[in-house]
2 protein chains.
Amino acid sequence: MNNFVFYSPTEFVFGKDTETQVGAMARKYGARKVMIVYGGGSVVRSGLLDRVKASLQEAGIAFCELGGVQPNPIDLKVYEGIELCRKEEADLLLAVGGGSTIDTAKAIACGALYEGDFWDFFIGKAVIEKALKVAVVLTIPAAGSEGSGNSVITKTETLQKLGMGSNKLRPLFSILNPQLTCTLPPYQTASGVADMMAHIMERYFTNTREVEISDRLCEGVLKAIIEEAPKVIKDPNDYEARANIMWSGMVAHNGTCGVGREEDWSSHALEHEISAIYNVTHGAGLAVVFPAWLTWMATHNVDKLVQYAVRVWDVPVPIGKLLSDEEKVDVATEGIRRLKAFFTSLGLPVSFAELHIEHPDIPRMIESLRRNKGNLLGCYVKLTMEDCADIYRLAL
Amino acid sequence: MNNFVFYSPTEFVFGKDTETQVGAMARKYGARKVMIVYGGGSVVRSGLLDRVKASLQEAGIAFCELGGVQPNPIDLKVYEGIELCRKEEADLLLAVGGGSTIDTAKAIACGALYEGDFWDFFIGKAVIEKALKVAVVLTIPAAGSEGSGNSVITKTETLQKLGMGSNKLRPLFSILNPQLTCTLPPYQTASGVADMMAHIMERYFTNTREVEISDRLCEGVLKAIIEEAPKVIKDPNDYEARANIMWSGMVAHNGTCGVGREEDWSSHALEHEISAIYNVTHGAGLAVVFPAWLTWMATHNVDKLVQYAVRVWDVPVPIGKLLSDEEKVDVATEGIRRLKAFFTSLGLPVSFAELHIEHPDIPRMIESLRRNKGNLLGCYVKLTMEDCADIYRLAL
């Protein structure tokens with residue numbers, strides 16, 4: 001196990017009707033003026049935005065608004081938000097929405113207190129030294145941004161989709177009401193599930209040895225998701241299953257599952273190139289990329305895949321028998337087959353074709369990947385750009 | 001799943017040689033004067049106390065000292081600490097030790113800012129409104145106090161051993177170096193393991209339904225402990241196994257495993273009567289009480305015990321077959337047998353006799369229990385005092 005720091009200071013308020021506590025929470029954390037950041041559509045139509053405003057008013061907290069955040073959020077909205085935030089002198093950014101909204105609020109939170117271009121933080125040109133407070137009312141369980149210090153933004157001009165993280169961006173508080181997720185369409189629900197599973201698996205597949213406690217935590221969260229997700233697809237109003245999925249999405253990404261180990265975020269990087277160019281839903285892109293990544297790994301670094309297949313997918317193996325290399329690949333392959341079958345059962349695509357991208361421009365994605373990440377990707381196995389192209393081809 | 005708040009703001013610094021960071025961390029959190037709280041013996045002999053002082057000095061932070069905390073910590077040391085803390089105007093209590101030391105530091109932290117008797121917080125006569133900062137250098141993985149807001153203290157005069165909790169007592173930071181635990185005697189190591197397993201199981205056995213995510217987290221941590229603990233007993237210097245156990249002890253008690261569910265802390269209450277009167281090691285007492293509590297439950301509320309036996313102890317059940325009530329009790333009983341065999345394999349007692357208490361004074365423990373907890377205990381099944389006496393008798 002590697003040395004690590006675990007720090008997840010966010011106060012999570014979870015359960016029915018909890019969005020009515022947002023005003024009291026903002027006051028508790030000393031907010032003077034809130035900027036509400038949201039997308040549009042459902043947050044407005046459902047009346048959630050009005051309930052949030054009413055709660056702030058009741059708590060005597062002034063607010064301004066920034067609507068119109070898009071999925072795969074872009075830099076232009078961040079610039080707009082930074083300007084508004086400075087003008088309004090807001091000191092707490094309240095994201096009401098999913099990952100795109102939260103990530104936009106985080107980028108504004110650090111950009112507003114920085115003299116240069118906020119994009120500097122995403123390209124490693126600057127380190128965040130201070131940020132405004134961030135808080136969340138979550139409506140889509142997927143990105144885990146409600147419990148993380150991460151943000152992913154796309155630069156419109158170049159279509160670069162990049163992520164960065166800082167403990168200074170961890171939300172002060174996050175309000176998670178599973179009721180708010182009952183109106184999510186099945187495809188978005190399923191994409192969220194794929195996203196949170198990827199967050200766990202990108203921590204799980206590691207070369208760091210002797211990490212039984214975090215392995216077991218990863219496997220436990222995956223098991224819970226595998227049990228609960230089909231219930232949510234079957235009955236969108238199943239509150240209990242929604243609650244389990246919503247909390248799993250937080251645990252998947254606040255660091256709980258990744259302590260003490262090297263993590264490999266190749267799949268996210270490979271997917272970002274797809275969604276940046278083709279604007280697909282991030283989770284759906286992951287459902288396509290992750291099995292392909294695993295398939296490539298089965299013949300390059302198989303042992304952890306065997307453990308994954310056995311413990312997570314209950315692939316049977318003879319007890320007490322040492323597996324040959326060939327048998328290991330078989331077990332791993334059966335695990336991957338079960339993962340794909342699971343995604344398919346949720347209505348997710350598992351290939352470019354099912355994403356309706358018949359002829360993905362692999363050279364263009366690889367070129368962009370090289371520009372964003374350099375010549376080698378990941379660590380479970382270090383991937384050359386040719387390896388990455390192979391993985392894209394495995395997903396055709 | 002019940003509504004809940006999850007709040008674990010402690011910054012955990014984990015790994016080799018991390019105690020050298022204590023000065024820098026205290027400075028980062030704005031400490032002006034530290035009061036070091038410790039037991040004695042090994043913390044001094046091993047040179048740890050000197051290293052902690054050197055780190056504080058290097059960071060330019062003044063400190064005073066309160067040594068001599070005993071296992072099953074008592075109120076008298078708390079009063080002494082409160083007096084010293086006020087006199088020295090310390091603003092951060094740094095516990096260097098295990099649960100007893102940390103719990104003493106927490107009681108001082110809230111007592112020093114309170115005009116009345118700190119014991120008021122333990123008997124529910126007052127609620128903590130403010131507390132001094134608390135931080136930890138952990139030497140014994142067991143109590144989980146490094147990540148919790150809880151404290152357990154014994155009142156010398158009456159031998160009342162009571163616990164209480166407040167988010168205001170959660171440590172600002174906790175330093176966990178598994179190397180420091182390599183010198184722990186096997187019995188203390190094993191007792192710590194029993195304590196952390198109890199912390200999980202007291203959350204696990206609940207009547208709250210549809211808590212798959214926290215069930216799976218509980219089961220995962222138990223599985224990791226069951227895998228790693230024998231390695232530590234076999235080779236006390238196995239750093240990796242020590243690291244897994246140390247982090248498991250934190251996860252077991254910072255709230256991760258208990259979200260959204262009713263918890264049942266009967267076993268801890270039953271044990272506190274034993275250790276208050278007979279001064280046994282808390283974890284060893286739990287190894288005696290918990291199997292007895294489970295045995296009683298097997299014939300009163302069996303379903304969750306079946307899940308426990310199957311998922312945690314791999315007790316085989318016929319797939320797809322509905323179990324009769326009798327078969328459920330059989331499966332549960334086999335699970336309990338495996339738990340006891342596990343404790344025994346670690347060198348722990350599983351009966352009063354093995355604790356060298358041949359004739360426990362059950363009426364006296366019951367009378368004390370009634371005074372401390374009232375006429376009914378717990379919630380998985382509400383226990384009358386007669387039920388509690390039966391459980392003690394099951395442990396003879």
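This is a predicted model: local features need pLDDT of at least 70, side-chain atom pairs count only at pLDDT 80 or more; totals for chains, interfaces and linings use all residues.
**Reading strands, an interface and packed helices**

Tutor: Let us begin with one pair of residues: A:Phe12 stands opposite B:Phe6 in β1(B). Strands here are DSSP runs of E with at least two residues, helices are runs of H or I with at least four, and both are numbered from the N terminus.

Student: In which sense do β1(A) and β1(B) pair, and over how many bridges?

Tutor: Strands of a sheet pair through backbone hydrogen bonds, either parallel or antiparallel. Here β1(A) and β1 of chain B (residues 4-14) pair in the antiparallel sense over nine bridges, where pairing requires that DSSP finds at least two bridges between the strands. A:Val13 has B:Val5 of β1(B) as its bridge partner. On the other hand, β1(B) runs parallel to β8 of chain B (residues 173-176), joined to it by four bridges, and B:Phe12 stands opposite B:Ser174 in β8(B).

Student: What is the order of the strands in the open sheet?

Tutor: The sheet has 12 strands with mixed pairing, in the order β3(A)-β2(A)-β4(A)-β5(A)-β8(A)-β1(A)-β1(B)-β8(B)-β5(B)-β4(B)-β2(B)-β3(B). At the edges stand β3 (62-66) of chain A and β3 (62-66) of chain B, each with a single partner strand, so one side of each is left without a neighbour in the sheet. From one strand to the next, the twist averages 25°. Within chain A, β5 (residues 133-138) and β8 (residues 173-176) pair in the parallel sense over four bridges, and A:Phe173 in β8(A) is the bridge partner of A:Ala135.

Student: How many residues of chain A are in contact with chain B, and which elements of chain A give two or more of them?

Tutor: Contact involves 37 residues of chain A and 37 residues of chain B, two residues being in contact if their C-beta atoms, placed from the backbone, lie within 7 Å. On the side of chain A, the elements giving two or more residues are β1 (4-14), α8 (212-234) and α9 (239-251), and α8(A) supplies the largest share, 11 residues. That side of chain A divides into 17 nonpolar, 10 polar and 10 charged residues; Ala, Val, Leu, Ile, Met, Phe, Trp, Tyr, Cys and Pro count as nonpolar, Asp, Glu, Lys and Arg as charged, and the others, Gly among them, as polar.

Student: At what angle do the axes of α11(A) and α15(A) cross, and which residues make the contact?

Tutor: The axes of α11 (residues 282-298) and α15 (residues 385-394) of chain A come within 8 Å and cross at roughly 120°, with axes fitted to C-alpha atoms over the stretch in contact and angles taken from 0 to 180 degrees between N-to-C directions. The contact is made by A:Ala292, A:Trp293, A:Thr295 and A:Trp296 of α11(A) together with A:Asp387, A:Asp390, A:Ile391 and A:Leu394 of α15(A).

Definitions and conventions. Residues are numbered from 1 along each chain as its sequence is written. Chains are lettered from A and ligands numbered from 1 in the order in which they are written.
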